[in-house]
Every structure is written in structure tokens, then in C-alpha cells.
Amino acid sequence: MAVSFEDGNSLFDFVVKDGNGIKGLVDSGIVKVPEIFVHPLDERIEKVDEKGSKEHFLTVPIDLSKLDGPDHDQVVNDIVTAAKTLGFFQAINHGMSLDLLESLKDAAHQFFAQPPEAKAVYLKGVSRSPLVKYATSFTAEKDKPLEWRDYVSMAYTTDGDALEHWPKECKEVALDYMKLSAKMIRRLVEILVGNLGVNLEDSKLESLIGIKVVNMNFYPTCPNPELTVGAGRHSDMGTITVLLQDDVGGLQIRVEEDTVAGRKEEWIEIPTIPGALVVNLGDTLQILSNGWYRSAEHRVRTTSKQPRVSIPAFCSPTPTEKIGPLPQQVELDGGPLYREVIFKDYMALFFGNAHDGKKCLDFAKISTI
Ligand SMILES: O=C(O)CCC(=O)C(=O)O
């Protein structure tokens, strides 16, 4: 039966429920973005000139290999400063080969280039594994309007499970990437927590990065990029995210207003740097550090020029972990800014709502009024 793109419900079924995705919609030849993807004026994203950015941490990547040499303290200082200001930096010499990064982008293209039926076997409720999910928009049932993005999400438990259930187009490279990202994230958490004067036991460190998930995002070309949003503004809920983006560009980060430094709130486009990985702090680190570190609020612009892929590896606390400000930090600060939350409650909140900036943090914030 032909799909009526005039009717929002059948369009939603075609894109989301039947698994054609936005890619299927674009492949059908649409020339105008349907209403269910049109964002209100205040959420639309302008292309901002990345070259105009003077932000040090956007233009100068941090060389992680220098952590093992005489510049160790300087690199730690750069990581800590980035964590306190933007909650974001780009990393080079991170231990992942260019071959692996190229293979990941190829694998993402291969997965999404398949016919809809091949991807639909990973739809929620259909997928052989609850840990593998193919979807469109962050939480399509809640997102109004929908994001212009298809993705496949792969949660890690064991190598055996990953090799059995993750899509064959990407499972090997995604698994390598997830392991190397987790190693990198563990080291960064150690550094950041260590800078707060806290030495966490191995078991505690492991539980802060106990949930490991790799996503592959596909942003099809869009006939009206000025009306749509690839990923709505949000911060990640977990500890740290490592993200590989291709050279299409479109990832933007919000720089908060700083009246002391005399700077206005603005969105800045993150330049694409060949071989670099984007590192984002999540809400968990903002809570643990009692607000000294910031989770990075980010969003993604769409483009009419070419499809974009990005591959985030998320590390988050295990569901039963209690997340609250580190006692040492609370003592120094004279009190907590956040209450202790059980991470699974935070996750339920995060996945139960559409993206809305850093609103989830309110759940943990202690009201000062
Ligand atoms: O595609 C990107 O650059 C960002 C993706 C993202 O924010 C996400 O998957 O949560």
C-alpha cells in the first residue's frame, strides 16, 4: 500500500514502526520535510561557522599519548580545565588506529545502506536481543517533533553475546571500539576523580563505567535542514561518552553564559578533526563532582549535502549504583548541590522523556529555595 505522507500517523508507522527509518523516507524521493519533523522556531539550528570559533578546546585537541611522558601534568591540567568549562574536548593519539576509525564509519554506512527489512529485524520488540535496537529519533513515542536520525544501539554484556547478536555488518569493529573506548574512559575518570583528591577503588571505578553501549547514528540528507534537528539538545546521562564523527560536521555544543568572563550563551560547532575523537562528560560526572565538572549540552544539525554518521560509545554507571557528590568534595564545598540517586531511576527519567537540554539534572539537584 502506498504511504500517504500527508497523514502523520501512517507516516509515523512507515518511518518508525515498520522500520523504514528516515533513510527510507528520503529514498522514497520526498522533496519537502513532513510536518512531524518540523521543529518550532526556537529549536531550529543555524549553521554556525566553526572556523570563527576561538574556543581553545574546540580547536586544539588534547594529545592523550602525552599522558605517558614528561608533559603528563600539563595534559591532566588540560583535561581538567576542559571538564570544568565545556565538559568537552577532542582527543588525538588516543590508542585507536585510523584503520579502526575508518572501518567503523564504513560499517555504519553498510548497516544503514541495507534494505529496510534487514534493519527492521532489530526493531524493539522484534530484535532477538533486548540489547540491540534499531530506531528512529531518540524516543520516537515521546519526541514531538521527531529527530532526523536513524540509529542502531548495541549494549555490551559479553563478547559472546555481542558476536551472536550485534549486526554482522558492524559487530567486530564496534566491539573493538567499545573496548578501547572503555579503556580510555576509565583512564579519564581516574584522572578527573583523582584531581578532586579522591582515589577510587578499582571496583568503584568499574561500576561507574559498568554499562557500555555503542550506537551508530545515521543522519540522512534533509531537503529542509533549516526546519529539522538531527539530535535535540541534551547532555548524556552517563559518566563519559567517546564519539567518532565523520567529516560532514553538524555537532554543536552549548557554551553557557559567563557573566564574570563577559561571555554570552552561544552554540558552537565542533570542528571535524581527522583521527580525533570527541570526549563528552555526562551528568554522572557533574553530580559526582558536586558541579565542578560540567556535562556537555550538545545537539546535531542536519544538512542537505550528504548523509552523516557518528558513533558514540557511552559508559555509564551500573543500574544499582548510587550516584551522589563525592563526600570529600561535599566537605570542601560546605554542602552538596545534588542528592544521591540510584542510577536506574536516572536512566528511566532520561529514556522516558524527549531530549530537553540538561533538564534531567533537576531530578538530582537540591533545591536552594
Ligand atoms: O551525532 C553526534 O555527533 C551526537 C550524537 C549524540 O548526541 C547521541 O547519540 O546521543
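I take helices (H or I, at least four residues) and strands (E, at least two) as DSSP runs, numbered from the N terminus. The model is predicted, so I note its limits: local features need pLDDT of at least 70, side-chain atom pairs count only at pLDDT 80 or more, and totals for chains, interfaces and linings use all residues. Residues are numbered from 1 along each chain as its sequence is written.

**Entry 1: the ligand**

I looked up which elements supply the shell around the ligand. Strand 5, strand 7 (240-245), strand 11 and strand 12 each give at least two residues to this shell. A residue counts as near a molecule or strand if its C-beta atom, placed from the backbone, lies within 6 Å of it. The residues around the ligand are Asn 215, Asn 217, Ala 231, Leu 243, Gln 245, Leu 251, His 298, Val 300, Ser 310 and Pro 312. I then sorted the shell by class, with Ala, Val, Leu, Ile, Met, Phe, Trp, Tyr, Cys and Pro as nonpolar, Asp, Glu, Lys and Arg as charged, and the others, Gly among them, as polar. The shell has five nonpolar residues, five polar ones and no charged ones.

**Entry 2**

Two strands pair if DSSP finds at least two bridges between them. I found an open sheet of eight strands with mixed pairing, in the order 1-2-10-7-12-5-4-3. Strand 1 (62-63) and strand 3 (132-136) are its edge strands, each pairing on one side only. Strand 5 (residues 211-219) runs antiparallel to strand 12 (residues 308-316), and seven bridges join them. Within that pair, Ile 211 stands opposite Ser 316 of strand 12.

**Entry 3: strand 10**

I call a residue buried if 20 or more other C-beta atoms lie within 10 Å of its own, exposed if 12 or fewer, and partly exposed in between, with C-beta atoms placed from the backbone. Strand 10 (residues 277-281) is largely enclosed by the rest of the structure, because five of its five residues are buried. Leu 277, Val 279 and Leu 281 cover one side, and Val 278 and Asn 280 the other. Strand 2 (residues 88-92) pairs with strand 10 in the antiparallel sense over four bridges, and Ala 91 has Leu 277 as its bridge partner there. Strand 7 also pairs with strand 10 in the antiparallel sense, over four bridges. Here Val 242 has Val 279 as its bridge partner.

**Entry 4: strand 8**

Strand 8 (residues 251-255) is mostly covered, with five of its five residues buried. It is joined by four bridges to strand 9 (residues 266-269), which runs antiparallel to it. With strand 11 (residues 298-300), strand 8 pairs in the antiparallel sense over three bridges. I followed Gln 252: its bridge partner in strand 11 is Arg 299, and in strand 9 it is Glu 269.

**Entry 5: the nonpolar core**

A nonpolar core is a set of buried Ala, Val, Leu, Ile, Met, Phe, Trp, Tyr and Cys residues joined through C-beta atoms within 7 Å. The largest has 92 residues, and Met 216 and Val 279 are among those with the most contacts inside it. Helix 8 gives the most to this core, with 11 residues.

**Entry 6: Gly 197**

Is Gly 197 buried or exposed? I record it as exposed, because it has 10 C-beta neighbours inside 10 Å. Gly 197 lies in the loop between helix 8 (171-195) and helix 9 (202-208).
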